Amino acid sequence: MTLLKVEDLQVRFPTHNGVVDAVKGVSFTLGRERLGLVGESGSGKTAIGRAILRLIRPPGEISANRISLGDSDLLTMSEREFGQVRGRQISMVLQDARYSLNPVLSVGEQISEAFLSHSRISKSDAFIRSLDLLRSVSISNAERVLSAYPHELSGGMAQRIMIAMMVAPQPQILIADEPTSALDVSVQRKVLRLIDDLVKDRGMGLLFISHDLNLVSEYCDRIMVMYRGAIVDECRANELNRAVHPYTQGLLKCMPRFESPVQRLQTLDRDPSWGIGSDSIEKIDHVTS
Amino acid sequence: MLRVENLGVWFGGREVHIHAVKEVSFQVTTGSSFGLIGESGSGKSTILRAIVGLIRNLSGEIEIDGSQLCVARSKDFYKAVQMVFQDPYGSLHPRQTVDRVLAETLHLHEFTDSEKRIQKLLDDVGLGQEFRFRYPHQLSGGQRQRVSIARALAPEPRLLLLDEPTSALDVSVQAEILNLLSDLRESRGLTYLLVSHDIPVVAHMCDVVGFMKHGKLVETVSTAELRRGNMLHDYSRDLLLASGYEYKSQPGPLSEFNQQ
């Protein structure tokens, strides 16, 4: 069953040196599944997540043939209508939760705010719900955490709170943008398990954005590989080793393998033909490289 | 080359006293490569900072080539030991060109032929002359890390302290930097002390690996033993499991949803 449908999505940023096409005509569908979106920094993976939620700031432009959630067309919605979608039907978990939470509001105030803006309940009810919510993401001393400020939390704790807040309005789709890359490996596992449980319990669709090919291949059902604003490869996660695109193969080979030591690591030879119509990005690259 | 004996580092005043590093002892022989692995906050970077002299609150002994270090590091020390920092975006002066960064280091170490040396350094780290008059913002992350490495190599050190040199970089760029570091170690006979949380990277680069937990060095094993999984301590084994991404999501109710 398809929840989200994206056709020919383009994101452009006009700069002094010409227009940068951050996303160049990307199409995909997302059902009730874990879809991984992998790519290097600057490949446009975050831009896709943000474009779906209309979070690209001007002068950045979004255009698409179609972005739809179920039967509703997200492209033609007014900003007011879209407010009902953002956060309630599609929500997003960001990379570094401690920076993404409001530093001058206590955790309790922020979570209650999420409840108060999406449902009509009293403040005290919102507080009780916030407590339950924190317990649901296995935070044991929930009362103390509610009165804490973001800087008083560890990275893993803050990320759990962020996830709890985003999942609270029962969205149909969760976009997780590098939710664990700022965390330690041991904490990473716990956070991944948490997302996994929530997604499964509620039957959500998950768009998991990451630069870590290993992680995505073990965590997701399906993988899309991005390079310079285009999706160059798409496969089932368990068939990643059989990926055909030279870019995907290159990425797999240039990682040091714990089990099979090598003298030298392979490096990636970039072929200019990967990713289509990449003229303007080439131009920018020329300036910086 | 390097001997650390009973090193302790503490932070804070009288009331709050945090021991970031406790009773750490290890040795790095000349020409070898030693790796320190641990979670964030385990004190691995603190050890590097203590060795290089950025932290003064320490106890224990640090010896370089048999001579014990005093609190104020000598010029000879900085000629022998250099450090490469984690974040290539934060560790270069934003308003100084590559040329100036390198020239300053060479000047401080009283080299007179800096012109020739800068050209050689840039070639050695695979950047080439066209990068000489660039500012950091005109460089990519990998290129900036190459500049940091060139800067560290400028005084011709024998020991390089590497603090997560590739954790801010993409895997494809990481491979290039790791290869560069291996090549430099071979051609210049360098000794490395590498800190990382990434076990595959440490296993690739190092001969001996130490596991850090809560400021203590819990275990030191050779890389061969590490690959075989011959660790005595549970913590080392747990860390290995965690970094192998052993966690697999189970195909569960999701597929049922799809059939509905």
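Okay, a bit of housekeeping. It's a predicted model, where local features need pLDDT of at least 70, side-chain atom pairs count only at pLDDT 80 or more, and totals for chains, interfaces and linings use all residues. Residues are numbered from 1 along each chain as its sequence is written, chains are lettered from A in the order in which they are written, and side-chain values use heavy atoms, with hydrogens and water left out.

So, the interface. Chain B puts 41 residues into the contact and chain A puts in 45, contact meaning heavy atoms within 4.5 Å. Together the two chains bury about 3700 Å², with 55% of that on carbon and sulfur atoms; that's the accessible area (1.4 Å probe) lost on being put together, summed over both.

How many salt bridges cross between chain B and chain A? Just one by the rule, which asks for a side-chain nitrogen of Lys or Arg within 4 Å of a carboxyl oxygen of Asp or Glu. A:Arg264 pairs with B:Asp183, with the closest N and O atoms 2.5 Å apart.

Now the cysteines. There are zero disulfides over all chains, a disulfide being two cysteine sulfur atoms within 2.5 Å. Take A:Cys254: its closest cysteine sulfur, in A:Cys235, is 16 Å away, too far for a bond. For B:Cys206, the closest one is in A:Cys254, at 19 Å, again too far. A:Cys254 is buried, at 0% relative accessible area, where buried means under 20% (1.4 Å probe, protein chains only). B:Cys206 is buried as well, at 5%.

Terms used: Buried < 20%, exposed > 50% of the residue type's maximum accessible area, 1.4 Å probe, protein only.
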